[in-house]
Amino acid sequence: MTKPVVLIAEELSSAALAALEPEFDVRRCDGTDRSGLRALLDDAEALIVRSATRVDAELLAAAPRLKVVARAGVGLDNIDVRSATRAGVLVVNAPSANVVSAAELSIGLMIAAARHVGAAHDALRRGQWERSRFTGVELAGKTIGVVGLGRVGILVVQRLAAFGMTALAHDPYVQAGRAAQMGVRMVSLDELIEESDFLTVHLPRTAETVGLIGAAQLARARPGLVLVNAARGGIVDEDALYDALKTGRIAAAGLDVFAVEPATGNPLLQLENVVATPHLGASTVEAQEKAGLAVALSVRLALRGELVPDAVNVQGGAIAEDVRPGIPLTERLGRIFTSVAGEMAQGLDVEVRGEITAYDVKALELAALKGVFTDVVEGQVSHVNAPLLAAERGIAVRLVTEPDSPDHRNLVTVRGTLADGSRVSVSGTLVGLAQRERLVEVNGFPIDIEPTEHLAFFTYADRPGMVGTLGRILGDAGINIAGMQVARDAPGGRALVAVAVDSAIPADVLEQIRDAIDAEAVRAVSTG
């Protein structure tokens, strides 16, 4: 019997090769040699890459038998996931392979910055023996502030407990009770920066987190603060960080990531109180081996037709044709829900109404959960691992189906209960022969707007002139409105404006609108 062909385009650990070779016809090639790679794809059922091989629509079209592309690492910048999904090719990665390595590097940078290891090393190599110049501080008895209490953040907290540190964290998507079980007190970002002696960042880079820690936040810091970022570049405003370090506003920084990489010309590298590494978070023998073994397992599962926990696009399986068009809509609703809620719900209902309830709609629950977590957790979120993310956070999830749908042929609602008991909901449907997506309800307000890539929602007291004010501010900022809907619960009561725009609305423009219309809630979301 002919074995399925697994094509390995870059270096893979020997342990990973050993896991594949008994079951598959394992072949090797150079993924950077594009023509050579294309020639070997005719009968390949799996392709394993790292970061150097570009897997795009053209390459996928040359692989008619391909079932899975596996990235032996975390990032997927070199893989066209959308084209792979369209081609029915599963894309997997190894999202947990580097968490220990990233946590350990964060702590290493923390100690190196606190004890001036980099500057002292450079001075010693120049023949200077200056012990008093490089007096540092201990970690023991200090407060560690963790921005983002995901997998890496938790590992950092656990390891720093051995140093006798008190842990604070800021993460609106982690419940305080869950954090308390780990000995962590949840606080606001401002409180975190004000109370921390050491600050470490562990967030994904999204539209909401870029520039999250800027000049205003650093101005609140204790003068002795040591800041570490081994997560993603751009979350800490580098200009603000440079000024804070240069003026002594904060004491030191340990950096593994930068807004633009390679960062060889970055001004931060000229500062003596900065210790830096060239994005080495996953660069350990162990992380590379874990990544190889993880993708080897995923390839084996995929080629057996089984569910793959680390899949990042739509799983194979029996999904009814009538249900399939609702998957992208429901995932988008999940992302909008998280943005509107502003925190993680304690309980979540995915309500499906209408004709499609005659089929198995479990895929819509998975799509909603994937959307809910996409913008708030580290690493990739898949339709398979999303339920695990909910379970880890103690979120009760229900799939509710009802064949009766008075206003729409089919309707999907994502509804959740927040920590204070308040309820948040968003609803959507598909309309016409083209099955166009429509957002038809937000927090009980009836609307009808296309959920484009960039959306914003403003809730305020109903009174004349507010819509014009909002439009004027967006116009002055050069932001084009693609669609707008206004709803209210009663004349003179509460009103909601939903706006679809052609580009993301900057934070300062959102604040300007908030002040101008005295909004009680302002939420923006990018769902592209």
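The legends below describe close-up views of a predicted model.

Local features are described only where pLDDT is at least 70 and side-chain atom pairs only at pLDDT 80 or more, whereas totals for chains, interfaces and linings use all residues. Residues are numbered from 1 along each chain as its sequence is written, and side-chain values use heavy atoms, with hydrogens and water left out.

**View 1. Helix α14 and its surroundings.** Helix α14, which covers residues 362-374, has 13 residues and reaches 18 Å from its first C-alpha to its last, close to the 18 Å expected at 1.5 Å a residue; the expected span is 1.5 Å times one less than the number of residues. Helices (H or I, at least four residues) and strands (E, at least two) are DSSP runs, numbered from the N terminus. Because 11 of its 13 residues are buried, α14 is largely enclosed by the rest of the structure; buried means under 20% relative accessible area, exposed over 50%, and partly exposed in between, with a 1.4 Å probe and protein chains only. Among the buried residues are Leu364, Leu366, Leu369, Val372 and Phe373, and also Glu365 and Lys370. Their cover includes the helices α13 (326-341) and α15 (386-392) together with the strands β13 (347-354), β14 (396-402) and β15 (410-417), where contact means heavy atoms within 4.5 Å.

View 2. Strand β6 (residues 143-147) is joined by 5 bridges to strand β7 (residues 166-170), and the two run parallel; Val146 stands opposite Ala169 in β7.

**View 3. The salt bridge between Glu11 and Arg28.** The side chains of Glu11 and Arg28 meet in a salt bridge at 3.9 Å, N to O. Glu11 lies in the loop between β1 (5-8) and α1 (14-20) and Arg28 in strand β2 (residues 25-28), so the pair ties together parts that are 17 residues apart in sequence. A salt bridge is a side-chain nitrogen of Lys or Arg within 4 Å of a carboxyl oxygen of Asp or Glu. Glu11 is exposed, with a relative accessible area of 59%, whereas Arg28 counts as partly exposed at 41%.

**View 4. The salt bridge between Glu272 and Arg133.** In the salt bridge of Glu272 with Arg133, the closest N and O atoms are 2.2 Å apart. The pair links distant parts of the chain, 139 residues apart, with Glu272 in the loop between β11 (252-255) and β12 and Arg133 in the loop between α6 (117-125) and β6. Glu272 counts as partly exposed at 45% relative accessibility, and Arg133 as partly exposed at 37%.

**View 5. The salt bridge between Asp476 and Arg472.** The side chains of Asp476 and Arg472 meet in a salt bridge at 3.6 Å, N to O. Being 4 residues apart in helix α16 (residues 466-476), the two are separated by about one helical turn.

Terms used: Two strands pair if DSSP finds at least two bridges between them.
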